[in-house]
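Work through the exercises below with the sequence and the structure open. Each task is followed by a solution in steps.

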Amino acid sequence: TTPVILDVDTGIDDAMALMFALRHPEIDVRAITCVAGNTSLDNVVANTLRILDLVGAPQIPVAGGALCPLIESSRDASWVHGATGLGSIVLPASTRTPQPVHAIELMRRTIVEASEPMTLVSLAPMTNLALLLRMHPEVTGNLERIVFMGGSAVGGNASAVAEFNVWHDPEAAHIVLSSGVPLMMYGLDVFDAVEVPAQRVAPLHTMDSEISRTLGALIDHEAVDPASGATHSNRLIGDAGALCAMVAPELFGFERRPVHVELAPGFSRGQTLVDRRAHGGESAIHGAGGGPWPLVDVTLTCGVTEVLDLF
Ligand code: BDR
Ligand code: CA
């Protein structure tokens, strides 16, 4: 099994990712840390605890972390995830309580106390991870790698070129990318590709299991487009796909590529530049300023049906 810490901003698709992780035999969730992103930190913590209840998870420690990005103020995604972060899905309040420590301390402890290297899985803006790496750089010695949902090789969602998690806290993403820890990026290139056909979701709604019915409602969640007012349901597995790539990498196509996060103000802030050129071109650019870009295992393609069969 892979021991992991999940950092989340639950969130419709983070909820699905939590359900997947908590029920997958090869994923050993040692701690869950929360960060503001899709919705406020309070909502993220409450939603996360409710999902733990729903799946009957053991008492996994959960802690709240950063209330906002390192530099900017929070800009949530309530137009996708609704006011509570779970759209129209209402789950009973949890009797669990979060740990009385900050997420950074929960991460630190969990990593240094583990007898084997830990994998950090980031499904949210990387504020907590950046703070951890700056405050406790010694943890990198016991990190296997960081798997993150964020960025893209082509195109964005929060802006024309930037993916939401990186766009929300670009400095944090830069700190994580330049940390020297091995990195796997699960970006929009694959995130947007893993669509669930409607006929696969329909049976979930009438199943005799609250977990299945909630999963169906999460996949079928409809968001209101703020520009047109139209509702749409993308039927994506979203963040859960990053966990699929972690446990079943053979279903995905990866390239190890230099990646840079755009930090300058303007239209491209938060964009991830994935350099897919052959080596000659890369080195010419890299020498030019700021040193070489960090190398990242970028997920670019996948077998959609095979991935869906993991659920
Ligand atoms: C990412 O942003 C959030 O809205 C989702 O939870 C996902 O982590 C996609 O850009
Ligand atoms: Ca997320």
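The model is predicted: local features need pLDDT of at least 70, side-chain atom pairs count only at pLDDT 80 or more, and totals for chains, interfaces and linings use all residues. Residues are numbered from 1 along each chain as its sequence is written, and chains are lettered from A and ligands numbered from 1 in the order in which they are written.

**Exercise 1.** State the strand order of the sheet and find the strands at its edges.

Solution. Strands (E, at least two residues) and helices (H or I, at least four) are DSSP runs, numbered from the N terminus. Two strands pair if DSSP finds at least two bridges between them. On that basis, nine strands form an open sheet with mixed pairing, ordered β3-β2-β1-β4-β5-β6-β11-β9-β10. β3 (62-64) and β10 (272-274) each have a single partner strand, so one side of each lacks a neighbour in the sheet. From one strand to the next the twist averages 30°.

**Exercise 2.** Describe how α1 and α2 cross and what their contact consists of.

Solution. Axes are lines fitted to C-alpha atoms, for helices over the stretch in contact, and angles run from 0 to 180 degrees between N-to-C directions. The axes of α1 (residues 12-23) and α2 (residues 41-54) come within 10 Å and cross at roughly 35°. Residues are in contact if their C-beta atoms, placed from the backbone, lie within 7 Å. A15, L18 and M19 of α1 meet N47, T48 and I51 of α2. The residues of this contact comprise four nonpolar (Ala, Val, Leu, Ile, Met, Phe, Trp, Tyr, Cys and Pro), two polar and no charged (Asp, Glu, Lys and Arg), the others, Gly among them, counting as polar.

**Exercise 3.** Which strands does helix α7 lie across?

Solution. Helix α7 (residues 170-177) lies across β5, β6 (183-186), β9 (252-261) and β11 (295-302). Its direction runs at about 115° to β9.

Note on methods
Contact = placed C-beta atoms within 7 Å.
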